[in-house]
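Try each task before you read its solution.

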Amino acid sequence: MVDVNRKLKNIKAAIIVLTVVLTLIPFSRAESAKDTGLRNDALEWLSPLPEKYQFKKSNPGTPEKLLLGKMLFFDTRLSKSNVFSCASCHNLATGGVDNNRFSTGHKWQTGGRNAPTVLNASLRIAQFWDGRAADVEAQAQGPILAGVEMAATKELVLERLNSIPQYVELFKKAFPNEKTPLTYGNIANAIGAYERTLITPSRFDRFLKGDD
């Protein structure tokens, strides 16, 4: 008796599902036509995010460089106080930002602007709110030296990283054709290359490409 009741319940559930599907078929067709118009309107202003990240021609993203860049992105030793890293203001667990009105930096100072998200940042036409940096590689040089942010100096950062054998070796692998791989510019190049991998294509991007 139990088996019979179970079979009846399964049949009833199947009938309900089939009814819903058949009901939605004409609705889906109508909605698809509406979606086409909506998509065309959206494409006048928006374009889908790329599925694959794109590197700067002068700064290719090799596996060794991406590993180095990721380590540097999270390393607080790039700051004078050994407290702050890139990830402090650009927390990847909270949308690439710190969710504060103004970000906290060296000696708990706060600047006059909040941190824009690092996610998809490499796709912008310029970096910083005022657009003073051309790309993420150029932008990565700024916060490390800014007194209100990480407050370090080029000399301090290079001295620290050169004292760490693993970093010295990683820079050699990431920049194998350079006589002096561990430079301040290459610190930013490694961080920038890693940041270029932080893109977030979504269902909305698939919709823009024609997937209803």
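Buried means under 20% relative accessible area, exposed over 50%, and partly exposed in between, with a 1.4 Å probe and protein chains only. This is a predicted model, where local features need pLDDT of at least 70, side-chain atom pairs count only at pLDDT 80 or more, and totals for chains, interfaces and linings use all residues. Residues are numbered from 1 along each chain as its sequence is written, and side-chain values use heavy atoms, leaving out hydrogens and water.

**Exercise 1.** Work out how the rings of Phe-84 and Trp-108 are arranged.

Start with the cut-offs: Phe, Tyr and Trp rings (for Trp, the six-membered one) pair if their centres lie within 6.5 Å; planes under 30 degrees apart are stacked, over 60 edge-to-face, the rest tilted. Here the centres are 5.5 Å apart and the planes sit at 70°, so Phe-84 and Trp-108 are edge-to-face. Next, check burial: Phe-84 is buried at 8% relative accessible area, while Trp-108 counts as exposed at 62%.

**Exercise 2.** Classify the pair Tyr-167 and Phe-171.

Their ring centres are 6.4 Å apart with planes at 55°, so call this pair tilted. Then look at burial: Tyr-167 is buried at 2%, and Phe-171 is buried at 0%.

**Exercise 3.** Which ring does the charged end of Arg-132 sit over?

The test is NZ of Lys or CZ of Arg within 6 Å of the ring centre and within 35 degrees of the ring normal. For Arg-132 the ring is that of Phe-128, 3.8 Å from its centre. Arg-39 likewise lies over the face of Phe-207, at 5.0 Å from the ring centre.
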